[in-house]
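Visitor: Can you walk me through how these chains sit together? Keep it quick.
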There are 2 protein chains.
Amino acid sequence: MTDQLVNKFENAKAIFQAGLQAVAPGPAIKNLCSVTDETLTVDGLHYDLRQFDKIFVLGAGKAGASMAKAIEDILGERISAGIITVKYGHLEELQKIRIQEAGHPVPDQNGFEGAQAVYKLAKSADESTLIICLLSGGGSALIPLPVNGVTLEDKQETTKIMLACGATIHEINAIRKHLSAIKGGGLARAAFPATLITLILSDVVGDDLDSIASGPSVPDSMTYNDCKTIITKYSLEDKIPSSVLKHIEEGAAGNVPETPKADQNFFTKTQNVIVGSNFNALLKAKEKADELGYNTLLLSSMIEGETRDIAANHMAIAREIMLTGYPLSQPACVLSGGETTVRIQGTGKGGRNQEFVLAAALKMSDIKDVVVLSAGTDGSDGPTDAAGAIADETTLQRARSAGLDSQNYLDNNDSYHFFDKLGDLYKTGPTNTNVMDLRIILVG
Amino acid sequence: MTDQLVNKFENAKAIFQAGLQAVAPGPAIKNLCSVTDETLTVDGLHYDLRQFDKIFVLGAGKAGASMAKAIEDILGERISAGIITVKYGHLEELQKIRIQEAGHPVPDQNGFEGAQAVYKLAKSADESTLIICLLSGGGSALIPLPVNGVTLEDKQETTKIMLACGATIHEINAIRKHLSAIKGGGLARAAFPATLITLILSDVVGDDLDSIASGPSVPDSMTYNDCKTIITKYSLEDKIPSSVLKHIEEGAAGNVPETPKADQNFFTKTQNVIVGSNFNALLKAKEKADELGYNTLLLSSMIEGETRDIAANHMAIAREIMLTGYPLSQPACVLSGGETTVRIQGTGKGGRNQEFVLAAALKMSDIKDVVVLSAGTDGSDGPTDAAGAIADETTLQRARSAGLDSQNYLDNNDSYHFFDKLGDLYKTGPTNTNVMDLRIILVG
């Protein structure tokens, strides 16, 4: 590769890293939270610490340990107790907050025990307790706490059946929240009348509080009757575990309390703050790109859809830049974020980011001076050890020289081996954060 | 609908109409071509008319009649003879140029006769002849002229088999060009040594001259040997008509002349000019949007892909504008062009533009102040009498009030009946031009 190309690859990586730094949990939390002897300030709201005789820290998520570390750095000895559930291996050295490692994406017994501990700690709080809840991606699977009479296996089975029947994620979440003691506002109910501050690192497109970790600290807008309607809609009566059906029917009959609703007082003493999001990362990435001399377009942090179509769409913008100078003149940088889906047709290894970059490379044949980097901010793209990949207009030629049929690799969803052989996987290692993916297109 | 909404709908329509005007064949041709007593100027190149004793006009395409009218307006009595093949009903009153109506998208006998007349006229030209060739969308089907020994039916059958076997459009075109006397540079060979000016209204993403009307005036980069490789690749030997297989084998053996290649002198006296394209339309649409006070982003004229994914992508940008003011602050207008594809899953009626607008409407639930218009510049979207449709954040609510299940209409590919019932089809009637689709998103 020429020096010039190395520089462009380095530019793309520097832009990604700038985005990543903006959502590193430590700096992100310290940016929004500060403390003096008497006052804790969180995103502009002031809390008089003298009114609290206890401070609990709890939560769950892949970034949980580094979020907990940041809170310990801020509150230190003031913390009375804490428990946070994280994915196996996502650890930090903490003084006051206990870390519970647990299974993800499939919940396990450790997660269940962590969830019980989280719930118990929240329940033990009173009016003079301040609870700081830390949520990040994966939180939903990491604190599974089924309602009475429903087992963890019943819950998992229900989710599996609902995914298979074609229910929307919105419908699946409605049922899940009604089977959980923590999700859908359950944690806020358990914590009341304590003061509850929830700090959230968002891994959800659009930063919908209702969806991140299934919304333990926000009201649930759905009811048991809605759940019954969903079950009828997909004819699930004889398919889901009988314990689940029974619980929902009891709920619809008014024999089990509803999930917490917006007009209930559980939410009178709660503050929810997004400390890091895909947009935050894009904004910092844009600053870096501007600084490197690019004309930069921050397209959207909410890009979803089939990976190859989205790649084609991005390359259509790149080609327009090259041919006409619209929407930007060169040197141009187009940034987007969110999370795409991969249509599995082959048997290869890859992730949505690597597939995006390979699909983009196949659209580059007549574009000059283009570099594409796409990577997951958590450092792992699909079931691979790479965060993503990087390509430019020489990629297809280099692949041919190496005897690789680029289209075949894409058809086989085998982007990992393709980029591995070219030396163009992008590996960051675990980043301790997760705000979905960043895509960077440089033209000129 | 409130007055304010009517105004926004009217703004979107005015932006579309401005784009359309930029690619009306008459003004577009007159913009690039002018004549004095002695000189014809085409896109900056000057032709001394005294060196020509005859001027022929020929060509094919849906916009053929209005392109021919523009050329008659410019050259008038100087035209010696002309023949242009158009789709049934796409007529103009002409003095010198004969119009041949023919079948589209399925070629017919009239098209074959028109093609023969076009070819014969080109062959009759000599060094002192100026030929003006007019090409527009549909041109490929409208002048079918199979090589000796292959019938029109054989050619059609071959195309059908190739589409079914999963061959790419690039591969199908390679074969088609080798079965045609006109396509793939054939017309340039027939016209040589006359001077050949080709005016092109582009209906192809990226304005690839090789693809528009199958490139009658540009070199073909593929060979008979390439065709053989394609036939082997898809095991078509026993599937395609034997006349076709025989022709290609004869060609590969060197017994039939190759399609014209770039280094041959057929192309020493040719000028190819794109008189109108999707980008031209977008640029004028942008001017109009700017004038109406919008901050405008011309995203790309080359958007392809599955319609619903592309709609989601556009709405992700709209939502970002609403939430963060990126990539534009409000009032914002996002423009794009190109042509998407529809995944047929239902039995309804619609076109890619109407489906785009319905899919976009379903993504609007939490976006304020948004209007989406998508329409085909030829005035007909799929097999419907509408150019497209228009929607805003009230569309879903109005549909509910009218008892329509919006998602069901989308699932059934039934966007036409959906918008027909709401009164939100966008009908322009035939426009006599065709530069694919324009999409307009207004936010704020």
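Visitor: Which residue of chain B comes closest to the rotation axis?
Guide: B:Asp309, with its C-alpha at 3.5 Å. Copies are superposed by least squares on the C-alpha atoms of residues with pLDDT of at least 70 in both.

Visitor: What rotation superposes chain B on chain A?
Guide: A rotation of 180°, with 0.0 Å of shift along the axis and an RMSD of 0.1 Å. That is the relation of a two-fold axis.

Visitor: Ground rules, please.
Guide: This is a predicted model, where local features need pLDDT of at least 70, side-chain atom pairs count only at pLDDT 80 or more, and totals for chains, interfaces and linings use all residues. Residues are numbered from 1 along each chain as its sequence is written, chains are lettered from A and ligands numbered from 1 in the order in which they are written, and side-chain values use heavy atoms, with hydrogens and water left out.

Visitor: How many residues are in contact?
Guide: 24 of chain B with 24 of chain A. Contact means heavy atoms within 4.5 Å.

Visitor: Why do the copies meet through the same surface?
Guide: Because 100% of the interface residues of chain B are also interface residues in chain A.

Visitor: What about buried area?
Guide: About 2100 Å², with 65% from carbon and sulfur atoms. This is the accessible area (1.4 Å probe) that the two parts lose on being put together, summed over both.
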